[in-house]
Amino acid sequence: MDLGESALKKMQDAKVHMKKVHTKNAFENDSLNQMSQAQFEIWSELLRDRTGMVLPIERKSFLVTSIGLRMREIGVESYDEYHKVLDSGANGELEWKYLIDRLTVHETRFFRHTASLDVVREYMNEKTVDAKTGSLTVQVWSAGCSTGEEAYTLAMTLDQQMSLRSDNCYYGIMATDISLPSIKFARKGIYSARRLQGMDANMRNQYFEQLEDGRYQVTQELRKRVCFTPMNVLVTSDNAIGKVDIVFCQNLLIYFDKGRRYQIVDALAEHLNPGGLLILGSGEILNWGHPAMKKIEYPGTLAYQRVESGNNTDHEN
Ligand SMILES: C[S@@+](CC[C@H](N)C(=O)[O-])C[C@H]1O[C@@H](n2cnc3c(N)ncnc32)[C@H](O)[C@@H]1O
């Protein structure tokens, strides 16, 4: 069963459940500002099923606000009615994409975690040319890339490092996120001056062009290096990522429970070439171990290196 079918089944099950709840008057006063405990459980379960994200009861007001805003935008007046919209074939699938976008946190910024980028730089310094091709190739995957700042940061970092070498160099970045609007935004590569604040002026001048309205666009040359694709990180086995040299996944795992975190990180590790790096957000997973992965000791980071090509998982916990 793929994610769509599984989610559809959940929604059907949820509808049955909702009907039962209905009879218990849980849907009385079904206004946008009121969400009963039963309704909260249904919606958070749907979200968990669709994205794997866990929404604790403390975040109920966030859920109510986010769903409510979307319902107002499309003129829907009750949770029950909105549920029907989400359950309405292709339109429902599209609506889910917009809702998921509202329910996920997209906070990000350029050069967000300096120490992790230092790990990338060090890797680049040590990387040797391929004996067969005589060139240096680096493929990177930014998983949970939000609106693109992380992926373009990686592109700038690699570009800088490669410019220091006399070898024939090539790099490419795959950047994925479950949020379609974020991916669309990222593809354009247009950011307000505020979002570039704090960036080294030389970097900004080299990799951005100022538009007439004062915003900045990532140069076409850099944009060509980054391929943005909508993708759920929970469904990585049959995706088109293939093998890469660096997987960069930060500030994403925090939204999942422990079991899902292991599941995600195990899957990410399988996409690495031997010698490749998995760079996570510091403290985002505890006691994770994998027989093919060795922890890299670099202050303030959580990074692993693939030491062999097998796909055997064996957690330490
Ligand atoms: C807080 S942002 C982190 C962005 C960036 N990695 C950074 O560290 O600055 C988390 C991103 O994860 C995405 N996300 C959440 N669940 C996801 C899933 N199941 N698959 C892929 N992306 C997901 C969200 O849409 C959001 O853009």
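Q: Which residues have the most contacts inside the largest nonpolar core?
A: This is a predicted model in which local features need pLDDT of at least 70, side-chain atom pairs count only at pLDDT 80 or more, and totals for chains, interfaces and linings use all residues. Residues are numbered from 1 along each chain as its sequence is written. A nonpolar core is a set of buried Ala, Val, Leu, Ile, Met, Phe, Trp, Tyr and Cys residues joined through C-beta atoms within 7 Å, buried meaning 20 or more other C-beta atoms within 10 Å, exposed 12 or fewer, and partly exposed in between, with C-beta atoms placed from the backbone. The largest has 59 residues, and those with the most contacts inside it are Val140, Ala151, Ile246, Val247 and Leu278.

Q: Is serine 146 buried or exposed?
A: Serine 146 is found in the loop between strand S1 (135–143) and H7, where helices (H or I, at least four residues) and strands (E, at least two) are DSSP runs numbered from the N terminus. Around serine 146 there are 23 other C-beta atoms within 10 Å, so this residue is buried.

Q: What is the phi of asparagine 251?
A: Most residues other than glycine have a negative phi. Asparagine 251, in the loop between strand S7 (244–249) and helix H11 (258–269), has instead a positive phi, near 60 degrees.
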